[in-house]
Every structure is written in C-alpha cells, then in structure tokens.
Amino acid sequence: MTEYTPPKVWTWNKPSGGAFASINRPIAGPTHDKELPVGRHPLQLYSLATPNGVKVTVMLEELLARGHKGAEYDAWLIRINDGDQFGSGFVEINPNSKIPALMDRSGKTPVRVFESGSILVYLAEKFGEFLPNEQPARAEVLSWLFWQMGSAPYLGGGFGHFYAYAPEKFEYAIDRFSMEVKRQMDVLDRRLAETEYLGGKDYSIADIAVWPWYGGLALGRMYNDSAEFLSVHEYKHVQRWAQAIDARPAVERGRMVNRAFGEPALQLHERHDASDFETKTQDRLAAE
C-alpha cells in the first residue's frame, strides 16, 4: 500500500469512488432540470431495486397483500448510475439525492417522504400495519429498524465498497469492515435464536428493513462471492429467518419492482398495476 499523507485542506481534484466515480461529488443539489412522471395512484415511488429500494416495494406489496387498496402505487425507475437522482424533480422530493423517495398525493397537500426507514414508518402508521401500537413491542421494532439504518453503511459503504467496488484492494479496509459485518451478523443471529422475527413473534418493518441487506448477504446475493468469504452459513438463525422471508410472495414481488439488473424474468422496471408482474417483466417485453 502506498503511504498517503492527507493535505491540510482536502480538495476535489480527481474522480473517486471506483465503480461509482461518475456520480460521486462533494456538493448537493440538482445537476439538470428533469420533472418526475406522475401516475394514477396516490402513492408515487421513485426508486431502484437496491436493498434500500427493496425495503419500500416489499412494504407496499405486503400492504396490498393484506387488502389495503390505498397502498396501490406507481413505481418509477431511477437509474442512479445515470445520475437520475440529481434531476431537479427528484431533488425536490429528496434533497439528499438518494433512492427511494415517495410522494403521497392522497390528501389535499402532497407529502414527500425520503429515507427508507422514514418511508417504512410513514406507511406503517398510515395503514396501521407491521408496527405495533403498544409498548414494549413498538420500541423493540423501532430499535431494530434503527439498528439497520445505523449498521448497513458498514456493510454497504464499508465492506461492500472495499471488497467489491473499490478500484484497488486494501487489506486493512477489507479486514476492518469484514470484522464489523461478521459482528453484526452475530448480533442478528443471537437475536433470532430468541425469537422468530426481529421485533418478536410478528413480522414487522424491522424485518422488512433488515432483510434486503443482511438477508441478501445470508442468501449469497450480495458482493460477488462475499457469502463464502464471510462464512455466512455459520449464522444458522439468520439463515432460517432469511429463507422464511424470502419465501413470502409479497417479498418475491417487491424484489422485482424497479429492478434493472439480473435475470430479465425478475426485472419489472416500472410497476403501475398488479398485472404488470405477469405482463411487463423484461423477458416478456423482449418477446413481444
């Protein structure tokens, strides 16, 4: 490793970020004018099927599965590698330029909601599902939800970046974040040895938030061969929990929405109606 001495004042004078260098920058705000499309449903989602995006589409599909017709939504694809998140319309909804972003147009005044954890809480309270009203169950669910929000940057921006995306491999960085991710998996494994779901006996927004990240890791779907590298098979209780959630039909549908990578049969770039899962996946569109 080349020794590096930081300057007294950092300046942005070269691309950085490896695979994401083209969209990394040290300033906020829009880079171009672009209005967002608006569909016919009250809920308008602008997203991509990253783990944070999957949280919200799973939540919406779970709400629909429970009969909440008001949870019908239009899901619009935001291609973050192309910089769609820096369009003026998207920045108006989320000044942080990160997916997912939600607009609720069901009332007199549209409500913007950004940050995936905030969206889950908003939808849970709006529809009265997946978040207990009584204590201590409510506090337990919210604690695990915020555990995910605070922990996942070590998995994604830390381990995932240096293990899979950085232009060079740095032993120190990979060791540092591998240790932390394995500690986090052990935290989850110990909790799931005690109870069926993270919040207790009932499936909740805590599971919906944690599963796309740590369930995806346990199921071998993230960061190339990271499942073998991190020996995720050792976390037996996480494996049981991850597989159980993976088998839920609403989760299967939620994973497909705004997905623009992987098998064409699992990609539904936009979702405007429940029938889209049967007619508008990329394999079906290609066959037309």
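**View 1. Tyr 197 sits in the loop between helix 5 (171-194) and helix 6 (205-218).** The model shown is predicted. Tyr 197 has a relative accessible area of 12%. That value is under 20%, so Tyr 197 counts as buried. Leaving aside residues up to four places away in sequence, Tyr 197 touches Arg 191, Leu 192, Asp 202, Tyr 203, Asp 207, Trp 241, Ile 245 and Arg 248.

**View 2. Tyr 197 and Glu 234, C-alpha to C-alpha.** In space, the two C-alpha atoms of Tyr 197 and Glu 234 are 19 Å apart. In sequence, Tyr 197 and Glu 234 are separated by 37 residues.

**View 3. The largest nonpolar core contains 65 residues.** Met 59, Leu 123, Met 185, Ile 205, Tyr 214 and Trp 241 have the most contacts inside this core. Helix 6 gives the most to the core, with 10 residues. A second core is separate and has 11 residues, including Leu 36, Leu 48, Ile 78 and Ile 93.

**View 4. Contacts of Ile 205.** Which residues does Ile 205 touch, not counting those up to four places away in sequence? They are Met 59, Leu 120, Val 121, Ala 124, Phe 130, Leu 131, Val 141 and Leu 145. Both Ile 205 and Met 59 are listed among the core residues with the most contacts.

**View 5. Tyr 4, Trp 10 and Trp 12 form a nonpolar surface patch.** Together, Tyr 4, Trp 10 and Trp 12 have about 430 Å² of accessible area. Trp 10 lies in the segment before strand 1 (43-47). Its relative accessibility is 54%, so Trp 10 counts as exposed.

How values were computed
Residues are numbered from 1 along each chain as its sequence is written. This is a predicted model: local features need pLDDT of at least 70, side-chain atom pairs count only at pLDDT 80 or more; totals for chains, interfaces and linings use all residues. Side-chain values use heavy atoms; hydrogens and water are left out. Helices (H or I, at least four residues) and strands (E, at least two) are DSSP runs, numbered from the N terminus. Buried means under 20% relative accessible area, exposed over 50%, partly exposed in between (1.4 Å probe, protein chains only). Contact means heavy atoms within 4.5 Å. A nonpolar core is a set of buried Ala, Val, Leu, Ile, Met, Phe, Trp, Tyr and Cys residues joined through side-chain atoms within 4.5 Å. Patches are made of residues with over 30% relative accessible area and no salt bridge: like charges are joined within 9 Å, nonpolar side chains (Val, Leu, Ile, Met, Phe, Trp, Tyr) within 5 Å. Accessible areas come from the Shrake-Rupley method with a 1.4 Å probe; for residues, only the protein chains shown count as cover. A salt bridge is a side-chain nitrogen of Lys or Arg within 4 Å of a carboxyl oxygen of Asp or Glu.
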